[in-house]
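Reader: I have a structure open and would like to talk it through with you. Could you start with the term we will need when we get to the packing inside?

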Amino acid sequence: MATTKKVLHVVALLLAQCVVTCVQKDVSGIDPKFSAPISNVTVPVGREGVMTCTVHDLHKYKVAWLRVDTQTILTIETLVITKSERVSITHTEQRIWQLRIKDIQESDKGWYMCQINTDPMKSQMGYLDVVVPPDILDHQTSQDLTVPEGFNVTLTCTASGVPDPTILWKRAGEKPLPLLLPGDDLFAGSKLVTAHEGSVLNIFNIQRDNAGAYHCIASNGVSPTVSKRILVTVDFAPIVRVPARQYTAEIGQNVTLECFVESHPDPVTYWMRGKGELILPGSTEVKHFAEHVYKVSMHTQIHLQRNSDFGIYKCVAKNGLGISEDAIKIQKRISKITIQDDPPTIVLDERHEKKLGKTVSQKNQFRELVLLAKNSVDSGANGRHPATAVILLMVLLSWMISS
């Protein structure tokens, strides 16, 4: 019986409220209206979304917010009906009613209705769009890799987001991308571009200068833009270069040989003499890793103490992909003509002393020719008897050849 009385009491209050409202409408003749349409709102996920409904001449009528797709009542006047703690309502002078949703989620996307409880009911709708910043999906994106020179490489990058992200490829340091464009001949070689759009980047016949960091950049207009760095390492056989291929020196001098090596992976480097003698003492090696390549500077000092120290020296480098070398020649300096008494010998090139040496049996005759030629040359230099000097020099040369 008590319950029935309570229900009747509530119904009576509602009827009374309706009478008051109707009377007010009849007396004032003013009907509440919307002052402006509800603007559609785009909100990044995690932010606060605010939808605004503006009315005038509301008087004793009430404003309610509803979720259209689920027909869920969210608020009535200042009262929050939904159980979600993320929803709240604010108003200004009974004119501006704002539905606020904190920590926006993708599921909040949809149509929302602002409603005035007139008869018939008045309403208008606005759309809440939820956007999601890009996120690169690591398990579907290429990882760091190492490939031999000349191989074809495919890099992939996958990203999620709302709207769908655009993928852009770039190299570190704004280096050009070796990219085969649509319609290009595969065997004509790759073209160089600074950026490439698409989830896949193909590099055909990769070369050592293509090694380095590649950046997959995902963007969809929603901050922040994200990127992933993929390191591509290219293995290749050593390259050996010597700045000077020949030195000329004398016994007793020191010669420093220099050699530069580039390789990946890290090479084994050493010096050799002749056909296979390994040189250990006096060698120095400076190695550093730059531009994803091992760069080695090698120096060794050769002490020329005997004739056997002259000859061919080799700079050698090798790794798992091959071996390379370059040669340097140290030759003995050609000496001036010298005369020995017992027996006299002309030494034109001490490297071939046995081959070119000349023993003179008539020592005095030879010395006289030499002195006479010298005096004639000196006289020719002073402007006297130049022809005689030339003739004597020819005779001396002829004598040397016939001896």
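Author: A nonpolar core is a set of buried Ala, Val, Leu, Ile, Met, Phe, Trp, Tyr and Cys residues joined through side-chain atoms within 4.5 Å. Please keep in mind throughout that this is a predicted model.

Reader: Fine. Which residues touch the most other members in the largest nonpolar core?

Author: The largest nonpolar core holds 23 residues, and those that touch the most other members are Val-55, Trp-65, Tyr-112 and Leu-128. Strand 2, strand 3, strand 4 (63-67), strand 7 (87-92), strand 8 (96-101), strand 9 and strand 10 each give two or more residues to this core. As a general background, nonpolar side chains tend to be buried together in soluble globular proteins.

Reader: What does Tyr-112 touch, leaving out residues up to four places away in sequence?

Author: With those neighbours left out, the contacts of Tyr-112 include Met-51, Trp-65, Leu-66, Arg-67, Val-68 and Leu-74. Also among them are Leu-99 and Ile-101, together with Gln-124, Met-125, Gly-126 and Leu-128.

Reader: And strand 2, which of its residues are on the covered face?

Author: In strand 2 (residues 41-44), Val-41 and Val-43 make up the covered face, while Thr-42 and Pro-44 make up the uncovered one.

Reader: How many bridges join strand 2 to strand 10, and do they run parallel or antiparallel?

Author: The two strands are joined by 4 bridges and run parallel, with strand 10 covering residues 122-136. Within this pairing, Val-41 stands opposite Leu-128 of strand 10, and Leu-128 is one of the residues that touch the most other members of the core.

Reader: Switching topic, how many disulfides are there?

Author: The count comes to 3 disulfides, and when the bonded cysteines are numbered in sequence order the pairing reads 1-2, 3-4, 5-6.

Reader: Take Cys-53 and Cys-114: how far apart are the sulfur atoms, and why is the disulfide called left-handed?

Author: The sulfur atoms of Cys-53 and Cys-114 are 2.0 Å apart, and the disulfide is left-handed because the torsion about its S-S bond is about -75°. Since Cys-53 sits in strand 3 (residues 49-56) and Cys-114 in strand 9 (residues 110-116), the pair ties together parts that are 61 residues apart in sequence. Both of these cysteines are buried.

Reader: Where does Cys-157 lie, and where does its partner Cys-216 lie?

Author: Cys-157 lies in the loop between strand 12 (153-156) and strand 13 (159-162), whereas Cys-216 lies in strand 19 (residues 212-219), so parts 59 residues apart in sequence are tied together. The S-S distance of Cys-157 and Cys-216 is 1.6 Å in the model, the link is left-handed with -50° about the S-S bond, and both residues are buried.

Reader: What about Cys-259 and Cys-315, are they buried or exposed?

Author: Cys-259 is buried, with a relative accessible area of 0%, and Cys-315 likewise counts as buried because its relative accessibility is 0%; the cut-off for buried is under 20%.

Reader: Last one, what does the whole chain come to in helices and strands?

Author: The protein chain has 4 helices and 28 strands, and 33% of its 403 residues are buried.

Terms used: Residues numbered from 1 in each chain as written. Predicted model: local features only at pLDDT ≥ 70, side-chain atom pairs only at ≥ 80, totals over all residues. Heavy atoms only, no water. Buried < 20%, exposed > 50% of the residue type's maximum accessible area, 1.4 Å probe, protein only. Disulfide = S-S within 2.5 Å. Pairing = 2+ DSSP bridges. Contact = heavy atoms within 4.5 Å.
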